[in-house]
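Subject: Structure handover

Hi,

Here is the structure I promised to pass on. Have a look at it first, and then read my notes below.

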Amino acid sequence: MVTIENLHKRFSKNIVLSGVNLEIKSGGIFAVLGPNGSGKTTLIKSILGMVIPNKGIIKVMDENIKKNAHYRNKIDYLPQIANFPSNLKVKELITMIKDLRGATNEDEALISLFGLEPFLNKKLGTLSGGTKQKVNLVLTFMFDSPLVILDEPTTGLDPISLIHLKELIQKEKAKGKTILITSHIMSFVEEVSDEIVFILEGKIYFKGTISEIKSNTKQPDFEHAIASILTQNNHA
Amino acid sequence: MLKILKYSFYDLIRSRWSYVYLAFYLLLGIVLLFLNNDLSKAVITLMNVIIVLVPLIGTIFGVMYYYNSKEFTELLLAQPLRRSSIFLGQYLGVALSLSMSLIIGLGIPFVFYGLFKSNAIWNFSLLLITGTFLTFIFTALAFNIALSNENKIKGFGYAILLWLFLAVIYDGLFLMSLIIFEDYPLDKLSLFGSMLNPIDLSRTLILLKLDISALLGYTGAVFKKFFGTNFGLIVSFAVLIIWVMLPVWRISAKSKKKDF
């Protein structure tokens, strides 16, 4: 699904990614983890073509993404911070994204799932952070693309919406889609993801299942396993 | 690109600032007509205002729009759209809505005053065309500055400096160089110098067309002497078009290499 070879990226003097090699197979939920500033978002944005790498090749479904915009038709992306043009109404934004990407009928089911009907005619500037995130989720999940990328999807969501989100993710997985998630909430990651990609200092430090990471670090639970990787690395 | 243009334009014509800008021009047109009580004179006064104000508004609006719609741009970047169409669409949205405010805001009072029955109509149209050119040029320059500066404050600072330089400082330097080198033949230098600044060029263009020798500066005199009115007009327009094309080309080139 996604192949990354020898990816390098630096922002002026700050080296963020230094030689990332990653192969993500079709189907399943992959969590991209790592401490703050380890390059998770940069990696995801490189896949989306928003960050332009200094070196390396990225292929999405065997298509080189360099100087290519069309491949993004196959990706649904949930950005980390949901901020939309404040003059637009929720309904207008949804219509606009549909206009840009193509027709879909999924939006109505998603709107009622997240209880967004009362907000449809409100301007985006007046919505709370959590409601904006729900709109963001509707925009992401209303298209049927084989690759779904979620950057911190849980931000600002109330418990009910969080349950809906988990159900949605499982539903998409059942359709055979590939889902990439970044999150800092370890319980969420442990619950939903099949495989972990751990980034440290611009390299892939670990790739495998949750049980593998637990047995490698000899820790009983996932949160401590991640913490032990981080502390080990600090000593070294 | 047309879709982005449509939404940017739609977003802008509903924002309060577009109406403030429109209302300002309406008021300016009405006040000038009342004070001058003559269409041709009002056009001349209007020129002096437009030449300075339109670039300022274009610059500030351009920078402001770019920084304000940053998150929205990121949303668009994740869609299957080419980068150049996103940024050119947004640029055209800003430039078109500003030009529309200018044309409608000034047009309404002048039309009601009897523009179509007077012979000032060509001068007035020229004024609006130049104003539109200046809007397109300075909005494009503003987008260039904003694309090159992540820091909002820096971006605003450079944009204001650019306007100050082209609207005020450039003229000062130009005059000083003419005084210092007055012993040398300066015709070509002054011609060249006025081409390099779109504000000077627009002023010369309108003055040439208005044919008011009392207001002709040194650059205008040289233009008139060397090109004659019609040829000067064509050359000036060609240079104005280049002034639009170059920054627009750089918007598209710069946006392709930028990280978001």
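First, the conventions. Residues are numbered from 1 along each chain as its sequence is written, and chains are lettered from A and ligands numbered from 1 in the order in which they are written. This is a predicted model, in which local features need pLDDT of at least 70 and side-chain atom pairs count only at pLDDT 80 or more, while totals for chains, interfaces and linings use all residues.

**Confidence**
The predictor gives the complex an ipTM of 0.81 and a pTM of 0.86. Helices (H or I, at least four residues) and strands (E, at least two) are DSSP runs, numbered from the N terminus.

**Sheets in chain A**
Strands count as paired if DSSP finds at least two bridges between them. Six strands of chain A form an open sheet with mixed pairing, in the order β6-β7-β8-β3-β9-β10. Its edge strands are β6 (75-78) and β10 (203-208) of chain A, each pairing on one side only. From one strand to the next, the twist averages 15°; axes here are lines fitted to C-alpha atoms, for helices over the stretch in contact, and angles run from 0 to 180 degrees between N-to-C directions. β6(A) runs parallel to β7 (residues 147-151) of chain A, joined by four bridges, and Leu78(A) stands opposite Leu150(A) in β7(A). Helix α1 (residues 40-48) of chain A lies across β3, β6, β7, β8 and β9 of chain A, at about 150° to β7(A).

Elsewhere in chain A, β1 (residues 2-11) pairs with two strands. With β2 (residues 14-24) of chain A the pairing is antiparallel over eight bridges, and Thr3(A) has Glu23(A) as its bridge partner. These two strands form a hairpin with two residues between them, where Ser12(A) in the turn has a positive phi of about 45°. With β4 (residues 55-60) of chain A, β1(A) is again antiparallel, over five bridges, and Glu5(A) stands opposite Ile57(A).

**Core**
A nonpolar core is a set of buried Ala, Val, Leu, Ile, Met, Phe, Trp, Tyr and Cys residues joined through C-beta atoms within 7 Å. The largest has 131 residues, of which Val32(A), Val138(A), Ile149(A) and Tyr91(B) touch the most other members. Beyond its neighbours within four places in sequence, Val138(A) is in contact (C-beta atoms, placed from the backbone, within 7 Å) with residues including Ile94(A), Leu110(A) and Phe114(A).

**Ala167(B)**
This residue lies in helix α7 (residues 152-180) of chain B. Leaving aside neighbours within four places in sequence, Ala167(B) is in contact with Val52(B), Pro55(B) and Ile199(B).

**Interface**
Between the chains, 19 residues of chain B are in contact with 21 residues of chain A. On the chain B side, α1 (2-13) and α4 (70-77) each supply at least two residues, and α4(B) gives the most, with five.

Note on methods
Buried ≥ 20, exposed ≤ 12 C-beta atoms within 10 Å, placed from the backbone. Contact = placed C-beta atoms within 7 Å.
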